[in-house]
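Subject: Structure handover

Hello,

Here is the structure I promised to pass on. My notes on it follow below.

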Amino acid sequence: MSPFTVLTLTATLLTAVPAGPGAAPICPEGALTLRAEAAAADPTAVHVSVTNRDARGCTVARTPTVTFADLDGSAQPMPDGATGRYRLGPGATAYATVRTVADPSAPEARRADALAVAADPSQWGRAFTAAQLGAGDTIRVWEPVTSWWQTSAAAADRALGLG
């Protein structure tokens, strides 16, 4: 089993919350498009998005699940808060920003050649190499955090105090 699989399964066990009566269902993974790219204005940030391609509304986790190749743990939600759901209407897109490292020169920073993003911890998600993100050969990682899903990339940046 790959490290990505173990981390995704661990995140599923820790954060999965069943939808209440009358709540929109969890978005089927096949109906979602995940994207990620390095933030042009900040080398410590990655912009991620999820789009619901289905004709019906559905939900994803309040924050994306973001893990890094060969590293333990995942990006922690910021602000802290209880797990919950985020509703995606038909054709809607949600945005989050991941800060991978607060100080790129920190000696504690680790290097990963890829990160994986899932819109819901019950799903496999999609892996992006550092090169695909536009981040060069490696992603510097130390105490990563992720915003909650937002209605725009600018709002996701503001949630982490960026831009």
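Strand 4 is covered on both faces: Thr65 and Thr67 on one side, and Val66 and Phe68 on the other, are all buried. Buried means under 20% relative accessible area, exposed means over 50%, and partly exposed is in between (1.4 Å probe, protein chains only). Strands, here and below, are DSSP runs of E of at least two residues, numbered from the N terminus.

Before the rest, two notes on the basis. This is a predicted model, in which local features need pLDDT of at least 70 and side-chain atom pairs count only at pLDDT 80 or more, while totals for chains, interfaces and linings use all residues. Residues are numbered from 1 along each chain as its sequence is written, and side-chain values use heavy atoms, with hydrogens and water left out.

Two strands count as paired if DSSP finds at least two bridges between them. Strand 4 and strand 9 are joined by four bridges, and phenylalanine 68 stands opposite leucine 115 of strand 9. Strand 9 (residues 114–118) also has four bridges to strand 10, where alanine 127 is the bridge partner of alanine 116.

The cores

Phe68 and Leu115 turn up again in the largest nonpolar core, which has 28 residues; along with Val48, Val50, Val60, Leu88 and Trp149, they touch the most other members. A nonpolar core is a set of buried Ala, Val, Leu, Ile, Met, Phe, Trp, Tyr and Cys residues joined through side-chain atoms within 4.5 Å. Another core, of five residues, lies apart from it and includes Ala39, Ala45, Val145 and Leu162. In soluble globular proteins, nonpolar side chains tend to be buried together.

Valine 60 has contacts (heavy atoms within 4.5 Å) with residues including Cys27, Leu32, Tyr86, Leu88 and Trp149, leaving aside its neighbours within four places in sequence.

Arginines and rings

The structure holds zero aromatic pairs; such a pair would need rings of Phe, Tyr or Trp (its six-membered ring) with centres within 6.5 Å. The charged end of arginine 62 does sit over the ring of tryptophan 148, 4.4 Å from its centre (for Arg, CZ within 6 Å of the ring centre and within 35 degrees of the ring normal).

Arginine 140 is in strand 11 (residues 139–141). Its C-alpha atom is separated by 9.3 Å from that of proline 43, 97 residues apart along the chain. Not counting residues up to four places away in sequence, arginine 140 touches Arg110 and Arg111, among others.

Backbone points to check by eye

Most residues other than glycine have a negative phi, and most peptide bonds are trans. The bond from methionine 78 to proline 79 is cis, with omega near 5 degrees; proline 79 lies in the loop between strand 5 (76–77) and strand 6 (85–88).

Aspartate 70, in the loop between strand 4 and strand 5, has a positive phi of about 60 degrees. Aspartate 70 is exposed, at 63% relative accessible area. Glutamate 143, in the loop between strand 11 and strand 12 (145–146), has a phi near 50 degrees, and at 59% relative accessibility glutamate 143 counts as exposed.

Regards

How values were computed:
Phe/Tyr/Trp six-rings, centres within 6.5 Å; stacked < 30°, edge-to-face > 60°.
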